[in-house]
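Let's walk through this chain together, starting from the whole and moving on to its sheet. Please keep the viewer open as you read.

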Amino acid sequence: MRSIVPGKLRVPLGRSDTLIDRPDFALVGVLRVPQELTSPSRAIVRRIGYALAALVVAVIVVYLGRDGYRDVQENPLSLLDCIYYASVSLSTTGYGDIAPLTPQARVINVLVITPLRVIFLIVLVGTTLSALTADSRQAFKIQRWRRRTRSHTVVVGYGTKGRSAVDALLADGLPPSEIVVVDTDSMSLEAASRQGLVTVHGSATKSDVLQLAGARHAASIIVAVSRDDTAVLVTLTARQLAPQARIAAAVRESENTHVLRQSGADTVMVSAETAGRLLGLAPATPTVVEMIEDLLTPEAGFAVSEREVAPHEVGLSPRQLPEIVLGVVRGEQLIRIDSFGSDVIAVDDRLLYVRLVSN
């Protein structure tokens with residue numbers, strides 16, 4: 001009995017079913033890399049073009065080696081005969097009225113005509129093989145994406161807050177391929193995929209899901225989930241995996257702000273109180289709310305941005321610049337324009353300013 005029990009315990013302990021340990025083909029459906037959508041007619045025309053290309057190659061090969069072929073009447077092959085033989089060979093009809101006789105012709109037939117026949121059939125096959133090749137392409141894209149992706153942005157949660165965050169990132173010039181969305185809702189991930197974003201299906205409270213999203217190599221992680229306790233757990237997990245990444249998290253209640261910061265968040269936004277302040281300002285000063293919304297909407301009007309200092313701006317005061325400068329970012333600290341130390345621009349400073357967005 002003693003020799004049996006340890007053996008039974010050893011099996012489940014040695015088994016690993018984490019997402020990052022799975023091969024790339026097993027991640028199809030969990031990790032989704034967007035691909036270019038083409039119309040059915042264009043796909044059909046492309047397949048026909050591939051088939052014709054294979055046929056042309058077969059005709060050329062047979063014509064160049066036509067001396068090694070004979071028909072049933074022992075006549076040499078003409079160009080028309082080569083086209084005929086290539087057509088019936090690739091379609092696997094094979095009437096047998098034309099056959100390779102010399103060893104050289106037979107070797108070429110085996111090494112060239114047979115692979116072309118396989119390609120010809122795959123190109124013209126129906127929806128079953130089409131689905132299989134689609135999964136294969138997705139597995140290849142997953143493998144390439146996991147190998148190449150670095151310094152990207154991970155967005156956890158694709159609800160209202162997550163979508164607004166992604167819209168701001170895209171409007172700021174970040175390519176869709178550098179944004180990864182993590183969510184448990186399939187419909188939300190489908191909407192993200194239509195925007196050209198990479199998606200991961202799973203709960204970001206699990207470290208293997210965040211690792212699959214490339215959190216270890218991410219430049220920034222945005223936590224935009226609907227529950228504050230989930231946001232804390234996701235932030236803890238993300239900070240453990242990515243010590244150098246900048247983590248921005250949103251909470252509904254202000255009393256949870258310190259918990260998020262202790263969990264590792266660099267920036268914490270209180271969504272409920274921010275919306276409440278804007279609602280409180282709206283009746284008395286609606287234009288103030290309109291201007292704030294304009295600044296928060298990067299697609300048009302004004303937008304708050306950050307940029308590096310130009311060489312000729314070093315030593316100047318921010319008030320001497322043509323832009324409206326709101327503050328100076330020195331190291332990791334924001335110095336507001338009316339604070340001590342912001343009167344002279346240093347070499348490594350960054351400027352927080354208001355820019356005009358062209359429609």
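The paragraphs below go from overall totals to individual strands and helices.

This is a predicted model, in which local features need pLDDT of at least 70 and side-chain atom pairs count only at pLDDT 80 or more, while totals for chains, interfaces and linings use all residues. Residues are numbered from 1 along each chain as its sequence is written, and side-chain values use heavy atoms, with hydrogens and water left out.

Overall, you will find twelve helices and 13 strands, where helices (H or I, at least four residues) and strands (E, at least two) are DSSP runs numbered from the N terminus. Of the 359 residues, 35% are buried, meaning under 20% relative accessible area with a 1.4 Å probe, protein chains only. Among contacts (heavy atoms within 4.5 Å) with a separation of 6 or more, 63% join residues 24 or more positions apart.

Now look for the open sheet: seven strands in the order 1-6-5-4-7-8-9, with mixed pairing. Two strands pair if DSSP finds at least two bridges between them. At the edges sit strand 1 (31–32) and strand 9 (267–270), each pairing on one side only. Strand 7 (residues 220–223) and strand 8 (residues 246–251) run parallel, joined by four bridges; Ile 222, for instance, has Ala 248 in strand 8 as its bridge partner.

Helix 7 (residues 186–194) packs on this sheet, touching strand 1, strand 5 (179–183) and strand 6 (198–201), and its direction makes about 165° with that of strand 6. Such angles run from 0 to 180 degrees between N-to-C directions, with axes fitted to C-alpha atoms, for helices over the stretch in contact. Helix 11 (residues 271–281) lies across strand 8 and strand 9, at about 50° to strand 9.

Note on methods:
Buried means under 20% relative accessible area, exposed over 50%, partly exposed in between (1.4 Å probe, protein chains only).
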